[in-house]
Amino acid sequence: MTERTPPSDAVVRALQDLDIPEARAVELAAEVERLNGTVRAEARSLTFGDEPAAHAAVLERGAS
Amino acid sequence: MTPRLDDLPLLDLSEVAAAIAEGRTTAVAATEACLARIEAWQPALNCFIAIDREGALAAAAARDAELARGYRRGPLHGVPLAHKDMFLRKGRVSTGGSLILRDAVAATTSTLMERLDGAGAVEVGRLNMSEFAAGPTGHNVHYGHCRNAFDRAHIAGGSSSGSGAAVAARLVYGALGSDTGASVRLPAAANGVVGLKPTYGRVTRHGAIARSWSLDHVGPIARTARDCALLLQVIAGPDPRDPTTSHRPVGDLLAPMEDTSLAGIRIGVPGDAIAGAIDPEVASALEASLRVLEKLGAGVRVVPLPDLTALFHVAETIIKCEAAAMHRPWLEARPQDYGKHVRLRIEAGFHIPATQYIDALRLRATMTERFLAETMAEVDLLHLPVLPIPVPTLEETDVDGAGGEAVVAVVGRITAFTRPFNLLGLPAVSVPCGFCRKGLPIAYQLVGRPFAEALLLRVVNAYQQATDHHRKVPVL
C-alpha cells in the first residue's frame, strides 16, 4: 500500500470546511482509505444498471 | 390464578397482558409493581434517562377504566413498557442519549408510539442509550453508563443499553430499541433476553431519531420470542409516513408458534470459517444450542460465508456518511456537546467521496442477492454468534477513558457478526443460550431470509420451550 501524504487530507479538509488537527487528519486518512479501499474493490462487481433502490426489490424477491 | 404483587414483574409480557385482560390483575397493579422495581434497581443499573411515575399511573388507571367499560384497546392493554429514548412523542423531550437534544421537545408523535398507544401499552419512562445510538457498549458520558443486569461491572451492550438491561431486570415487560449495527441484538445478548432486528422496511422508522437512515432497524426486546412477536405484531406493517416501509402483509406472528417441532427447518452454520474469531466459552454454548435445535428436528449443515469484513466496511461507509450529513450543523456549532468517541465515529464521513457512498448503497442490492443465492441457497436460517467474546467490562471498552489499542480491539470485535446484516437488511434475532464462567449471558444469532420474522420467532419459541436460559432472573 502506498503511503498517503498530508496534502491530500488538507485539500479534503478545505473542501469540508472543518477544523481538524493534523494528527487527527492522518488518522482519518487511514480510516477513510480502509473504507474506500473495500468499497472500491467490491464495486468492481457492479454493473451500469445497479442502483441503490434495487435493494428493496431484492428483499421483496428474496422472501420465502 | 391472581398473581401476587411481588411476582407481577416476573411474568412475561404475554402473561401479564392476559392477566389484565382476564381481570386477574390490573394495569395499575402491574405498573405500580414495575415502578417499585425500577426504584430499587435504577441506582444500580441506570437503565432510565427519565421515569414518568405520574404519567404511567394515570395511563394505567385510564386503561383499567376502559377495561371496566368493556373496551380493550389491543394486545398490550395495560402492559407497562419503556423504550430507548429516541422515539418522539409530541410535547415531550426525547434526548437520543445526547446533550444536543437534552431539551428538544418533539412537535410530532412517532408512528411507533402511536401504534403502541393504540394497542393499550403504558409507557413508564425513557430508557438509557448510547449517545445518538452510536456505540455498541452502552457507555454514555452525558447520562451515565447503563450497566449489565447480571453484573454491574460489565457492559449492558449498546446502543439500546437501557432496553436490554431493563427487560432483563424485570423492570418492564418489553422495550423497543433500534439496530444499525447490533443495537437491538447486542444488548439483548448481553442481558440474556431476546432481541429481534426485523427486515429493513418491516417496521416504520417515522419519528425515530436516526443513526443512519439506510441501516436503522427498529425492533423489540423482550424475555421470550412470544413477547417479541406480540410487540412486533403491533409495530410492523406499512406506514405512509415512512416510504421505506414494505407493503408486504405482516401475517400472524403468533399462530405459527403453536408448532414447536422444527422438522424440515434447515439451519446453516459457518463451520470452521469463523472458529478462530470465537472465544471457546462462547463456541461451546453455541454448539450446545445447535444440539438443542437438532433435537427439536432441525437439520444443520455447513454453508459458505461471504467476507463479513467487507460487508462490515461497506455498512460502515454508509453509516459514517449519513451520520456526518445529519450531524454537520451540530458538529460545527456545538462540537463540545458531543462525547469524544461519538464525534470521532462520525468524522470520517466528511471525507468519504460521494461516489464511494453511492457505490456502498449500490452494493447493498448485489451483496444481498449474492448472500441469498450462495449462503442461504439451501437453508432457511443461518446460525452465528452475536457477541463472539464473553460480555466485556465497562472498563475494558471505555473508548472515552484511557482508551488504547486494547480497548479499540475489544470494541472492534463486538459487532463483527451483527453489522453485516444491517447492510443486507435481513431479519436477525439474538437468543440467550447460556452463561459464561463469570455469570454473564451468552447468545446465538439466527439470520433469516427477507421477511422471515414469523419463522425466526417460531424457531426461537421452540428453543425456549426446550431450554431455560431466559428464565434466569438477575439479583440486585
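Which residues in α7(B) meet which residues in α14(B)? Point 4 takes this up.

1. Basis. This is a predicted model, in which local features need pLDDT of at least 70, side-chain atom pairs count only at pLDDT 80 or more, and totals for chains, interfaces and linings use all residues. Residues are numbered from 1 along each chain as its sequence is written, while chains are lettered from A and ligands numbered from 1 in the order in which they are written.

2. A sheet in chain B. Three strands form an open sheet in the order β1-β3-β2 (chain B), with mixed pairing. (Strands pair if DSSP finds at least two bridges between them; strands, E of at least two residues, and helices, H or I of at least four, are DSSP runs numbered from the N terminus.) β1 (48-51) and β2 (80-84) of chain B are the edge strands, each with a single partner, so one side of each has no neighbour in the sheet. On average, neighbouring strands of this sheet are turned by 35° against each other, direction ignored. β2(B) pairs with β3 (residues 122-127) of chain B in the parallel sense, over 4 bridges. Leu81(B) has Glu123(B) in β3(B) as its bridge partner.

3. Helices on that sheet. Helix α3 (residues 53-68) of chain B lies across β1, β2 and β3 of chain B, at about 160° to β3(B). Helix α5 (residues 161-168) of chain B touches β1, β2 and β3 of chain B too, and its direction makes about 155° with that of β2(B). (Angles run from 0 to 180 degrees between N-to-C directions, and axes are lines fitted to C-alpha atoms, for helices over the stretch in contact; contact means C-beta atoms, placed from the backbone, within 7 Å.)

4. A helix pair. α7 (residues 225-235) and α14 (residues 453-466) of chain B pack at about 155°, with axes 8 Å apart. They are therefore roughly antiparallel (over 145 degrees; under 35 is roughly parallel, 65 to 115 roughly perpendicular, the rest oblique). Ala225(B), Arg226(B), Cys228(B), Ala229(B) and Leu232(B) in α7(B) meet Glu453(B), Leu457(B), Val460(B), Asn461(B) and Gln464(B) in α14(B).

5. The chain contact. Chain A gives 27 residues and chain B gives 33. On the side of chain A that touches chain B, α1 (6-16), α2 (22-43) and α3 (54-62) of chain A each supply at least two residues. α2(A) gives the most, with 10 residues.

6. Another strand pair. β7 (residues 266-269) and β8 (residues 299-302) of chain B pair in the parallel sense over 4 bridges. Gly268(B) stands opposite Arg301(B) in β8(B).

Definitions and conventions
Contact = placed C-beta atoms within 7 Å.
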